[in-house]
Amino acid sequence: RRLHFAGPAPRNLDVPGPWSVRFASGWGAPEEVSFPALISWSEHSDPGVRFFSGTATYRRSLQIPAELIAPDRRVILDLGRVEAFAQVRLNGTDLGIRWHAPYCADITGTVKAGENELEVAITNLWPNRMIGDEQLPEDSERRNNGTLVQWPQWLQEGKPSPTGRFTFTTWRLWARDSELQPSGLLGPVTLRSLGVQVVAQ
């Protein structure tokens, strides 16, 4: 059989802020931040968020009208723009990882009328934290091209950077004035309730 998106008209439900965002500990960001609206971490006023690289989890409750859920409808969660990977959980159910556009998940059968709990864990790439580290004093001997002269003693002894850097590379690929990369859940986040017809083959 095949599913055709037809029949009852599509219905959309926008998911605005605020979002509670919990950042992975130990990488410079506050433990939890409220986002009234979705923006890139690189645009946040807190430098711990602005230079963060790693995983942060967005949480919020959703009130879903009963008319969006019916046997002849499928409900799709559309995250909009994501930088760069998203893992979706709804009401405690893991709906998998999305790593390229479109960042959508079929939540039919998991979503329910009334209150729902949505979690979206977003993981970005490393450049922003490395650019943030370039704002701090050097912690190892480097050549002019950024390559390492020798392994620093603190690293060989398994100690943290004496200047507070979070990352270590043998070659500095980013400068303090390098452009930060967009990061996080950028949205807009929308629920799409689509009418379906089952066509037997």
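1. For the residue classes used below, Ala, Val, Leu, Ile, Met, Phe, Trp, Tyr, Cys and Pro count as nonpolar, Asp, Glu, Lys and Arg as charged, and the others, Gly among them, as polar. The model is predicted, with local features needing pLDDT of at least 70 and side-chain atom pairs pLDDT 80 or more, while totals for chains, interfaces and linings use all residues. Numbering runs from 1 along each chain as its sequence is written, and side-chain values use heavy atoms, without hydrogens or water.

2. One cavity of 30 Å³ or more is counted, a cavity being a set of points, on a 1 Å grid over the protein atoms alone, where a 1.4 Å probe fits but cannot get out. The largest cavity has a volume of about 60 Å³, volume being the space filled by probe spheres set on the points, which are joined across faces, edges and corners.

3. The lining (residues with an atom within 4 Å of a point) consists of M130, D133, E134, R165, T167, T169, W171, R172, L173 and W174. By class, this lining of the largest cavity divides into four nonpolar, two polar and four charged residues.

4. Two cis peptide bonds deserve a look. E83 and A84 are joined by one with omega about 10 degrees, and A84 lies in the loop between β7 (81–83) and β8 (85–90), strands being DSSP runs (E, at least two residues) numbered from the N terminus. G187 and P188 are joined by a cis bond with omega about 0 degrees, and P188 sits in the loop between β12 (184–187) and β13 (190–199).

5. N91, a residue other than glycine, has a positive phi near 55 degrees, and its place is in the loop between β8 and β9 (93–98). N91 is partly exposed, at 28% relative accessible area (buried is under 20%, exposed over 50%, partly exposed in between, with a 1.4 Å probe and protein chains only).

Conventions
On a 1 Å grid over the protein atoms alone, a cavity is a set of points where a 1.4 Å probe fits but cannot get out, and a pocket is an open set with protein on both sides within 12 Å along at least five of seven lines; lining residues have an atom within 4 Å of a point. Helices (H or I, at least four residues) and strands (E, at least two) are DSSP runs, numbered from the N terminus.
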